[in-house]
Amino acid sequence: MDISNTNCPMYGILQKFYSAVKHVETFCVSSDMFDNISSLDSFFSEFRNITFMAQKTFSNLGKIALYETARNKFLASPDMKWFVDKRNKTTKEQPFPLKKQVVFELYLHGDRLVLIDERFSAGFEEELKPAKEFISTFLIEEIGLIEVFFSARIVFSENDQPTEIYPIILSGLDSMMLFVKELLALVPCSCKKCDTLIEKIKQMRVLVFAKEMTFKRDYSFEKGRIEPLSLGSHDVEMVSVDEFGNYIKLKDMRLSLAKSNSWRTWKELKTIKGLFFDFTIMHIVIHKVQNHDIQPVFMIVYTDDTYSMMPYYPLNKATSYRTVYELADGLNFSEVKAIFHCCEYYKFDTSRLAYVNETPYSERIKNADGVLLNFVCIERSGVVNELSLDVGVIDCERYVGESLKTLKPINDRSLFWLNPLVDKLSINNNPCS
């Protein structure tokens, strides 16, 4: 049956919405740059055509006043006006004037070195050449490093002005979703074709919302070559849905400590160390249930007695370093009371220190002496404590019980990889109630 033949007035509007969302989903930094520009041009055109189709449909139904009310209610924001302007330019004047800036962040012993390349090229891998040349000639040959972990991220500019395109697109999609829902309430439809389109839009919207990770890539440089990390199925950030059906990145969710049954010690003692104990117990249990496997996670504890969890995929050490700096750059530390972290470390005997210092990460981890489940607690005072358990004996309850008593301060932070968070939290060391 021809899907284009339908008497439902909402079908054309939903089809245009789906087409617009589909163009965003195909937009990815790892594809050809000119394909990306084409995808953006098509997105802006289809996105604007949603309202053209809606205006025509409601005019034919004799309900144009209802359309105008919904339009003024949901589509009058500055972001939506930006969309109108871009649509007019891309269809009447020229392709979307997208320029690309590649920002490289090199992680060097607790510090970050930022390189920016403003050249425009068609391929993403072409942009790696300046970073590779700098790493190999300066960091490897002159300084003598055996490996360098770094990230590359894409920043967009329009008419030489930085433009955060993706947040605007996400905001626009959310506004358009509310607009279309309003139209569906005004002209109800229950046909299978529209139901299918609505479901496809919802599914695609989740992918688009979570796809911000595609604007970043993590790399390792060792033995004269760059090893890119394709995120593949991990090309998305984890999202959740609130009670109103809105998608929220997991790292942006703030939950109440008092209302959660997970933090019983906090309810009783109201102490950071007590809460950290609960955090540790919880993840030891998760580690056991998942057959000695766990996803690294940060827990941010706020001064208003709320918290957020930020798990991440440990693709390599660059991913971990990038995650730390994203937190350091993005958190409002005046609101942060403490930061917890859980991950696994490879363990090496102190007698093998020379081997560790002379062998690239990808090789030395194959010959590690074991694995440690590590927990770190960073407080506003600048005090940092950690707790480590040997995964090889973590199923022994007696061992776990004794290990939980061995919380130790980290006094030497000269090479501590979480220093960016410790420093930011210490700077904002104001008295907490």
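## Basis

This is a predicted model, in which local features need pLDDT of at least 70, side-chain atom pairs count only at pLDDT 80 or more, and totals for chains, interfaces and linings use all residues. Residues are numbered from 1 along each chain as its sequence is written, and side-chain values use heavy atoms, with hydrogens and water left out.

## Chain

The chain holds 14 helices and 15 strands; these are DSSP runs numbered from the N terminus, helices being H or I of at least four residues and strands E of at least two. Of its 433 residues, 45% are buried, meaning under 20% relative accessible area with a 1.4 Å probe, protein chains only.

Among contacts (heavy atoms within 4.5 Å) with a separation of 6 or more, 69% join residues 24 or more positions apart.

## Nonpolar cores

A nonpolar core is a set of buried Ala, Val, Leu, Ile, Met, Phe, Trp, Tyr and Cys residues joined through side-chain atoms within 4.5 Å. The largest has 57 residues, and M10 and F179 have the most contacts inside it. Helix α6 gives the most to this core, twelve residues. Another core lies apart from it, with 27 residues, including Y302 and F333.

Beyond four places in sequence, M10 touches F58, V180, L183, L184, V187 and C194.

## S175

S175 sits in helix α6, which spans residues 165–186. S175 counts as buried because its relative accessible area is 14%. Setting aside neighbours within four places in sequence, S175 is in contact with F74, L75 and M80.

How values were computed. Buried < 20%, exposed > 50% of the residue type's maximum accessible area, 1.4 Å probe, protein only.
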